[in-house]
Amino acid sequence: MSTMKFCRECNNILYPKEDREQKVLLYACRNCDHQEVADNNCVYRNVVHHSVVEFTQVLQDVAADPTLPRTRAVQCAVCNHPEAVFFQVMMPPLQLLFSATTRGEEGMTLFFVCCNPSCGYRWRD
């Protein structure tokens with residue numbers, strides 16, 4: 001986990017900076033000339049924990065998200081629209097204990113959202 005770093009010379013915050021010639025990550029002070037080589041290449045890490053219940057309450061706006069993959073291999077059961085966005089979610093270990101794993105599931109659940117703006121039906125596979 002990355003932490004904030006401070007300058008040894010003037011106690012201001014050190015900011016990440018790349019040294020393109022040496023191909024290393026540095027932390028540099030914007031107040032003085034102090035620089036130090038980063039001991040870890042992780043500048044920032046944001047860990048968000050969600051339950052499966054939160055993921056099943058997906059907003060209809062997710063269908064408009066251009067970063068999510070789309071498929072025409074499924075059809076909406078409600079409006080028969082031929083396109084849906086999909087994403088995978090890792091099931092928590094406790095839920096895996098109580099769910100049927102007859103299909104060889106390793107804890108990944110595939111969620112689909114209909115791309116029809118007037119429908120937005122959600123289902124999982």
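How much space lies in the largest pocket? The answer is about 160 Å³. Before I continue, a word on the basis of these values. This is a predicted model, in which local features need pLDDT of at least 70 and side-chain atom pairs count only at pLDDT 80 or more, while totals for chains, interfaces and linings use all residues. Residues are numbered from 1 along each chain as its sequence is written, and side-chain values use heavy atoms, with hydrogens and water left out.

Let me first state what is meant by a pocket. On a 1 Å grid over the protein atoms alone, a pocket is an open set of points where a 1.4 Å probe fits, with protein on both sides within 12 Å along at least five of seven lines; a lining residue has an atom within 4 Å of a point. Grid points are joined across faces, edges and corners, and the volume is the space filled by probe spheres set on the points.

The largest pocket is lined by 11 residues, and those closest to its centre are Thr3, Met4, Leu14, Tyr27 and Val43. By class, the lining holds eight nonpolar residues, two polar and one charged. Here Ala, Val, Leu, Ile, Met, Phe, Trp, Tyr, Cys and Pro count as nonpolar, Asp, Glu, Lys and Arg as charged, and the others, Gly among them, as polar. Strand E1, residues 14-19, contributes the most to this lining, with three residues.

I turn to the overall architecture. The protein has two helices and seven strands, in the order β-β-β-α-β-β-α-β-β from the N terminus. These elements are DSSP runs numbered from the N terminus: helices (H or I) of at least four residues and strands (E) of at least two. Of the 125 residues, 28% are buried, where buried means under 20% relative accessible area, exposed over 50%, and partly exposed in between, with a 1.4 Å probe and protein chains only.

Next, the cysteines. In an unreviewed entry, UniProt lists Cys76, Cys79, Cys114 and Cys119 under "binding site". These four span 44 residues in sequence, yet no two of their C-alpha atoms are more than 9.0 Å apart, so they gather at one spot. Such annotations may be inferred rather than shown by experiment.

Cys79 sits in the loop between strand E4 (70-71) and strand E5 (84-90), and is partly exposed at 28% relative accessible area. Beyond its neighbours within four places in sequence, Cys79 is in contact (heavy atoms within 4.5 Å) with Cys114, Asn116 and Cys119. Cys119 itself occupies the loop between strand E6 (108-114) and strand E7 (122-124), and is buried at 17%.

How many disulfides does a search of the whole structure find? It finds zero, a disulfide being a pair of cysteine sulfur atoms within 2.5 Å. For Cys10, the nearest cysteine sulfur is that of Cys29, 3.5 Å away. For Cys32, the closest is in Cys7, at 3.5 Å, which is too far for a bond. Both residues are partly exposed: Cys10 at 26% relative accessibility and Cys32 at 23%.

Finally, Ala63. This residue lies in the loop between helix H1 (52-56) and E4, and is buried at 11% relative accessible area. Residues up to four places away aside, Ala63 touches Arg70, Val85, Val113, Cys114 and Cys115.
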